[in-house]
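Load the model in your viewer and show it as a cartoon. Keep the sequence panel open beside it. The tour goes stop by stop.

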Amino acid sequence: MGGEEVLPLSLIGLLGFATVVLLAVLLLHGYLWWRLVRSTTRPGRTRRLLTLGVLVLAVLPVGAVLLRREDSVLSTVVQWVGFSWLGVAFYLFLTLLVLEPVRLLLGRRFRSAPTAEPVAVPVGAVPAPGETPVPEDRGVADPSRRLLLARGLAVTAGAVALGTAGTGAYLANSAPVVRRVPVTLAGLDPALDGLRIVTFSDGHLSAMSSTRRFERLVEIVNAQQPDVVAIVGDLVDGELGELREEVAPLADLVSAQGVYFVTGNHEYFVDTTAWLRHLPTLGVQVLRNERVPIVRGGASVDLAGIDDRTAIRSGVPGHGADLDTALDGRDDAVPVVLMAHQPVQVEQAAAAGVGLQLSGHTHGGQLWPFDYAVRLDQPAVQGLSRVGDTQLYVTTGAGFWGPPMRIGARPEVAVVELRAP
């Protein structure tokens, strides 16, 4: 079975990822303990209890990652709590880092500000009336002031982090925005002018998803009256047996010329074969290194789709991105729109003369400022750009992965309107 073939590799990948997460979580919570517990408390029972609390919170995100494959109420609860806390902890970390110069500046002022005007007195001498000896710890911050400063900064960081995370949770679970993207495509016949390709990606259906949220997404797509629907990967984050009901609304998609899908990297963390057999029963055609003509008024444009770039390492037989096969034998006079999950695949697309590539994968960064890190691996994070003669549109995605939050990158449905030159 396909699931049995892919399981060992995906399990190894999951364990490797969990190891990275563990190290990051330990460093993150170590810093939070230092600033929120050690700096704000005196040694004693309160510090011990808070330290225990931080240890418990540190375990939750790791448990959420390890339990993603489990289909149980416990797994769902741990994922919601663990990933939500991870989002809060991330913004606590960022806020505390930003406040570090404030802490250093005020701490220095506390050390330099005397509580009284002292008068130096020789060793062994008795101070005269009205004179104050210089204390031995002059220049050292008053512990009570130091605690007050640390607690003030901790409260400030907590308020900012909770406010940011709360806003992010609201945006992540709100209705996707509709972005209209006019694209002038070289060689497009005027008969195809105005062709609407409605695209979305990264639904990441999982135990954390609700059927109603996905139903709303389908309703928004249908409201755009698409000529073509293009789903560019990372649709699911669980097995077919767990998510059969959640994915069922796909059958309600209405498109004049079809609904198409290409795999993302997350499709290879589960039983890929089972999903690729199920999607056609919902009216979704899977494009695996192949293309189909989109015809209107006697004119056509090719819609091609390729596997994700990680497919070759997935262990699923026959899977792997192959643009040459997808474009083999095509008419060079007919423009090509390529569906490819990862924006970085545009480099090969540009070399092959593809006119437009539709991608997802990045989530637009999902949690600012992660978009800057994404740029280290991908040529674009969101929106329309160009690589050579190939235009690239990267959608921010419709769902979320990990923390159920979005800051700086709202969920979206993109309406790509093709225009003739």
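Contact here means heavy atoms within 4.5 Å. This is a predicted model: local features need pLDDT of at least 70, side-chain atom pairs count only at pLDDT 80 or more, and totals for chains, interfaces and linings use all residues. Residues are numbered from 1 along each chain as its sequence is written, and side-chain values use heavy atoms, with hydrogens and water left out.

**Whole chain**

Color by pLDDT, the predictor's confidence in each residue, from 0 to 100. The mean is 89, and 88% of the residues reach 70 or more. Now select residues 1-9, where pLDDT is below 50. Beyond near neighbours in sequence, this stretch has 14 contacts in the model. Where pLDDT is low, the predicted coordinates should not be read in detail.

Switch to secondary structure. The protein has 10 helices and 12 strands. Both are DSSP runs numbered from the N terminus: helices are H or I, at least four residues, and strands are E, at least two. Of the 421 residues, 50% count as buried. Buried means under 20% relative accessible area, exposed over 50%, and partly exposed in between (1.4 Å probe, protein chains only). Among contacts between residues at least 6 apart in sequence, 76% join residues at least 24 apart.

**Annotated spans**

Zoom in on 79-99: the span is 100% helix and 0% strand, with its end C-alpha atoms 30 Å apart. Residues 148-172 are also 100% helix and 0% strand. Their end C-alpha atoms lie 36 Å apart.

**The cavity**

How many cavities of 30 Å³ or more does a search of the whole structure find? There is 1. A cavity is a set of points, on a 1 Å grid over the protein atoms alone, where a 1.4 Å probe fits but cannot get out; lining residues have an atom within 4 Å of a point. The largest cavity has a volume of about 100 Å³. That volume is the space filled by probe spheres set on the points, with grid points joined across faces, edges and corners.

Helix α5 (residues 211-223) gives the most, with 4 residues. The lining divides into 7 nonpolar, 3 polar and 2 charged residues. In this count Ala, Val, Leu, Ile, Met, Phe, Trp, Tyr, Cys and Pro are nonpolar, Asp, Glu, Lys and Arg are charged, and the others, Gly among them, are polar.

**Val178**

Select Val178, in strand β1 (residues 177-184). Val178 is partly exposed because its relative accessible area is 35%. Its contacts, leaving aside neighbours within four places in sequence, are Ile220, Gln224, Val413 and Val415. Draw a C-alpha distance from Val178 to Val221: it reads 8.8 Å, for residues 43 apart along the chain.

**Gln342**

Move to the loop between β8 (336-339) and α9 (346-351), which holds Gln342. Is Gln342 buried or exposed? It is buried, because its relative accessible area is 2%. Not counting residues up to four places away in sequence, Gln342 touches Asn265, Asp308, Arg309, Thr310, Gln357, Ser359, His361, Asp377 and Gln378.

**Val394**

Next comes Val394, in strand β11 (residues 390-394). Val394 has 0% relative accessibility, so it counts as buried. Beyond four places in sequence, its contacts include Pro343, Ser359, Gly360, Ala380 and Glu412. His361 is 33 residues from Val394 in sequence, and their C-alpha atoms are 8.2 Å apart.

Most residues other than glycine have a negative phi, and most peptide bonds are trans. Select the loop between β9 (356-359) and α10 (370-374), where Pro369 is found. A cis peptide bond joins Trp368 and Pro369, with omega about 10°.

His363 is in the loop between β9 and α10. His363 is not a glycine, yet has a positive phi of about 60°. It counts as buried because its relative accessible area is 6%. End on Gln366, found in the loop between β9 and α10. Gln366 has a positive phi of about 65°, although it is not a glycine. At 6% relative accessibility, Gln366 counts as buried.

Definitions and conventions:
On a 1 Å grid over the protein atoms alone, a cavity is a set of points where a 1.4 Å probe fits but cannot get out, and a pocket is an open set with protein on both sides within 12 Å along at least five of seven lines; lining residues have an atom within 4 Å of a point.
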